[in-house]
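The following note sets out several points for a reader who is new to protein structures. Please keep the sequence and the three-dimensional view at hand while reading.

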Amino acid sequence: MGIDQVNSPGLGRLNGLHDKLSVQGCPAQSWTLVVFAGDNGISREHTSHYPPLQSGDLVLAHLDGSNPTVRLLERLNRREWLIDVGLYMDLNQPRLIDKRVSKGTRNFLCEDALDHSQVLSAMNAGQSAWDLINYHDFDIIGLGEIGIADTLCAAALGVAVLELPEAALVGQGSANRSVIDKKSEIIKRALEYRHPDPANVIDLLARFGGLEIAALTGFIVKANEKGIPIMLDGYVTSVAALLASQLNSDVIPYLIAPSLSAETGHAIILNRLGLEPLFDLSLNYGEGLASVIGLFLAEITMSFFH
């Protein structure tokens, strides 16, 4: 009896991936990547390898094809949908989908990152992204994000939601380990005079941002309505998935975690979601790279069983 008829013990976690996709009726043969981009005011605190409010440069690397994620997509003959929900820079690029709510967020160390109306607008932008891609008949969709300091925003959200110590959820992001204490202190100070409701997703996103995380949350919320599995990326998309699950727990069966990142809190977030990563490459890259690898793995895995 071949592996097209029965699961093979030698395929390990791929058996679980196959079973999960089969339950959703997903052959994983038609897929794409959706990336939301924005800037975060907290980047002014210089906790990233990149200069503050310059996420537009990372977007340009996607648009000119020099980014590793895009190169992999080109090799696999797949498309990326790049959506601006809050970039500081005015790029005016025809392949960049304009859903910008504002030119970045405010510095959450000093004040709330967003107004509630901005959070709702960003979430609506995420939900409206389904309308852009619906007619392509994709059966699984990967997510990514671009936003300098958004791992700091994600860590702050994780700390507030799970009510855990900062050290449990703060990692180095795009910088080195020397920034971890600084990032923990930023979150601690922000929480000393800002008391978000851990059960109120809108309030949480208003306190800490970012616009790209709010858009991801809005997109993920509709996954079960659309009946399409979502391949997460790394820490930031996983935090967005946690927020989305608070709004609609029915999305959880549609979520797949490709990789365990090097971010300290990633395993904690995935455990809360009940997700086990497919692999562990210690990727800390973001921008959809782990998601694309996971999508390709899903595609070839489903072909093993047919």
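1. The model discussed here is predicted. Helix H2 (residues 55–63) is mostly covered, with seven of its nine residues buried. The elements that cover these buried residues of H2 include strand E1 (31–38), helix H3 (68–76), strand E2 (80–86), E3 and strand E4 (140–146).

2. Which residues of H2 are buried? They are Ser 55, Gly 56, Leu 58, Val 59, Ala 61, His 62 and Leu 63. Just after H2, Gly 65 adopts a positive phi of about 85°.

3. Helix H3 also has a helical partner. The axes of H3 and helix H12 (residues 289–304) come within 9 Å and cross at roughly 20°. Since angles under 35 degrees count as roughly parallel, H3 is therefore roughly parallel to H12. The crossing of H3 with H12 is left-handed. On the H3 side the contact involves Pro 68, Thr 69, Leu 72, Leu 73 and Leu 76, and on the H12 side Leu 289, Val 292, Ile 293 and Phe 296.

4. Helix H10 (residues 235–247) packs with helix H11 (residues 266–273) at an angle of about 30°, and their axes are 10 Å apart. H10 is thus roughly parallel to H11, and the crossing of the two is left-handed. Tyr 235, Ser 238, Val 239, Ala 241, Leu 242 and Ser 245 in H10 meet His 266, Ile 269, Leu 270, Arg 272 and Leu 273 in H11.

5. Phe 108 belongs to the loop between strand E3 (96–98) and helix H4 (116–133), whereas Phe 208 belongs to helix H7 (residues 201–208); the pair, 100 residues apart, links distant parts of the chain. Phe 108 and Phe 208 are both buried. Elsewhere in the account of aromatic residues, Phe 36, Trp 130 and Phe 219 form one cluster.

6. What does Ala 190 touch, not counting residues up to four places away in sequence? Ala 190 touches Phe 108, Leu 109 and Phe 208. Ala 190 is placed in helix H6 (residues 180–192). With a relative accessible area of 0%, Ala 190 is buried.

7. With neighbours within four places in sequence left aside, Ile 202 is in contact with His 116, Val 119, Leu 120 and Met 123. Ile 202 and Ala 241 are 39 residues apart in sequence, and their C-alpha atoms are 14 Å apart in space.

8. Two charged side chains are placed over rings. The charged end of Arg 79 lies over the ring of Trp 81, at 3.5 Å from the ring centre. The charged end of Lys 103 lies over the ring of Tyr 88, at 5.3 Å from the ring centre.

Conventions: Residues are numbered from 1 along each chain as its sequence is written. This is a predicted model: local features need pLDDT of at least 70, side-chain atom pairs count only at pLDDT 80 or more; totals for chains, interfaces and linings use all residues. Side-chain values use heavy atoms; hydrogens and water are left out. Helices (H or I, at least four residues) and strands (E, at least two) are DSSP runs, numbered from the N terminus. Buried means under 20% relative accessible area, exposed over 50%, partly exposed in between (1.4 Å probe, protein chains only). Rings of Phe, Tyr and Trp (its six-membered ring) pair if their centres lie within 6.5 Å; planes under 30 degrees apart count as stacked, over 60 as edge-to-face and the rest as tilted. A charge sits over a ring if NZ of Lys or CZ of Arg is within 6 Å of the ring centre and within 35 degrees of the ring normal. Axes are lines fitted to C-alpha atoms, for helices over the stretch in contact, and angles run from 0 to 180 degrees between N-to-C directions. Angles under 35 degrees count as roughly parallel, over 145 as roughly antiparallel, 65 to 115 as roughly perpendicular and the rest as oblique. A crossing is left-handed if the near helix is turned anticlockwise from the far one by less than a right angle, and right-handed if clockwise. Contact means heavy atoms within 4.5 Å.
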